[in-house]
Each structure stands twice: as structure tokens, then as C-alpha cells.
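Read it alongside the model shown below.

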Amino acid sequence: MAIHYVCRHCRTFLGSIDRSTATEIQLGLHSLTPAERREIIAYDSDGEITVKVTCNYCKEALDNNPELSLLASPLQ
Ligand SMILES: [Zn+2]
């Protein structure tokens, strides 16, 4: 069972870790609200977990162009 990190904006695969070696606290997931967890964390049928984060490249782009975040929102 593993946790995979994928950029939510460009879908770049950022890496994965074995779930047994990390707790939600170590992952920083414990501070999320239930709504955020639904949005950010995806569980697939194999029990694998995909966590959508923002890669450094996209973070930089968003920092430089805050309006881009509006385009990336699924609600827009
Ligand atoms: Zn990205």
C-alpha cells in the first residue's frame, strides 16, 4: 500500500511513499478539513492513495500569476 503524490495542476508524478512508514500527521494530512481531504486525497480500488499537491514549478507559476489558480479550480 502506497501513497502517491501528484501535482494537481500539471499532473506531474512527484513520488510515492509506503503508507506504513508514515502517519497522517507526518504527511500533514491531519490538519485538513473533511472537505479538503475529499478534494486532495483520492483512494483507489486497490487501497492506494493519491494525494494531490502543488509541485514547485506550479507553485512558482501561481505565486507569479495568482490568477492562474482560478483557471485550475474545478469549480470554474
Ligand atoms: Zn505542477
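This is a predicted model: local features need pLDDT of at least 70, side-chain atom pairs count only at pLDDT 80 or more; totals for chains, interfaces and linings use all residues.

Residues are numbered from 1 along each chain as its sequence is written, and side-chain values use heavy atoms, with hydrogens and water left out.

- Cys7 is buried, at 0% relative accessible area. Buried means under 20%, exposed over 50%, and partly exposed in between (1.4 Å probe, protein chains only).
- Cys55 is buried at 8%, and Cys58 is buried at 9%.
- The whole structure has zero disulfides, a disulfide being a pair of cysteine sulfur atoms within 2.5 Å. In general, a disulfide is a covalent bond between the sulfur atoms of two cysteines.

**Overall fold**

- The chain has four helices and four strands. Both are DSSP runs numbered from the N terminus: helices are H or I with at least four residues, strands are E with at least two.
- Along the sequence, the pattern reads β-β-α-α-β-β-α-α.
- Of the 76 residues in the chain, 22% are buried.
- Among contacts in the chain with a separation of 6 or more, 42% join residues 24 or more positions apart. Contact means heavy atoms within 4.5 Å.

**Salt bridges**

- There are two salt bridges in the structure. The term covers a side-chain nitrogen of Lys or Arg within 4 Å of a carboxyl oxygen of Asp or Glu.
- One joins the side chains of Glu39 and Arg8, at 2.6 Å from N to O. This pair links distant parts of the chain, 31 residues apart: Glu39 sits in helix 2 (residues 34-40), and Arg8 in the loop between strand 1 (2-7) and strand 2 (13-18).
- Glu39 is partly exposed at 41% relative accessibility. Arg8 is also partly exposed, at 27%.
- Asp63 pairs with Lys59 in a salt bridge, with the closest N and O atoms 3.3 Å apart. Both residues lie in helix 3 (residues 56-64), four residues apart, or about one turn of the helix.
- Asp63 is exposed at 51% relative accessibility, whereas Lys59 is partly exposed at 45%.

**Lys52 in strand 4**

- Lys52 lies in strand 4. Its relative accessibility is 31%, so Lys52 counts as partly exposed.
- Leaving out residues up to four places away in sequence, Lys52 touches Val6, Arg8, Glu39 and Ile40. Two of these, Glu39 and Arg8, form a salt bridge with each other.
- The C-alpha atoms of Lys52 and His9 are 8.6 Å apart, although 43 residues separate them along the chain.

**His4 in strand 1**

- His4 belongs to strand 1. It counts as buried because its relative accessibility is 19%.
- The side chains of His4 and Glu48 make a polar contact of 2.7 Å. A polar contact is a pair of N or O atoms within 3.5 Å; within protein, one must be able to donate a hydrogen and the other to accept it, and residues adjacent in sequence count only if both atoms are side-chain atoms.
- Beyond residues up to four places away in sequence, His4 touches Phe13, Gly15, Ser16, Glu48, Ile49, Thr50 and Val51.

**Loop residue Asp44**

- Asp44 lies in the loop between strand 3 (41-43) and strand 4 (49-53).
- A polar atom of the Asp44 side chain is 2.9 Å from the backbone nitrogen of Asp46.
- Asp44 is partly exposed, at 36% relative accessibility.
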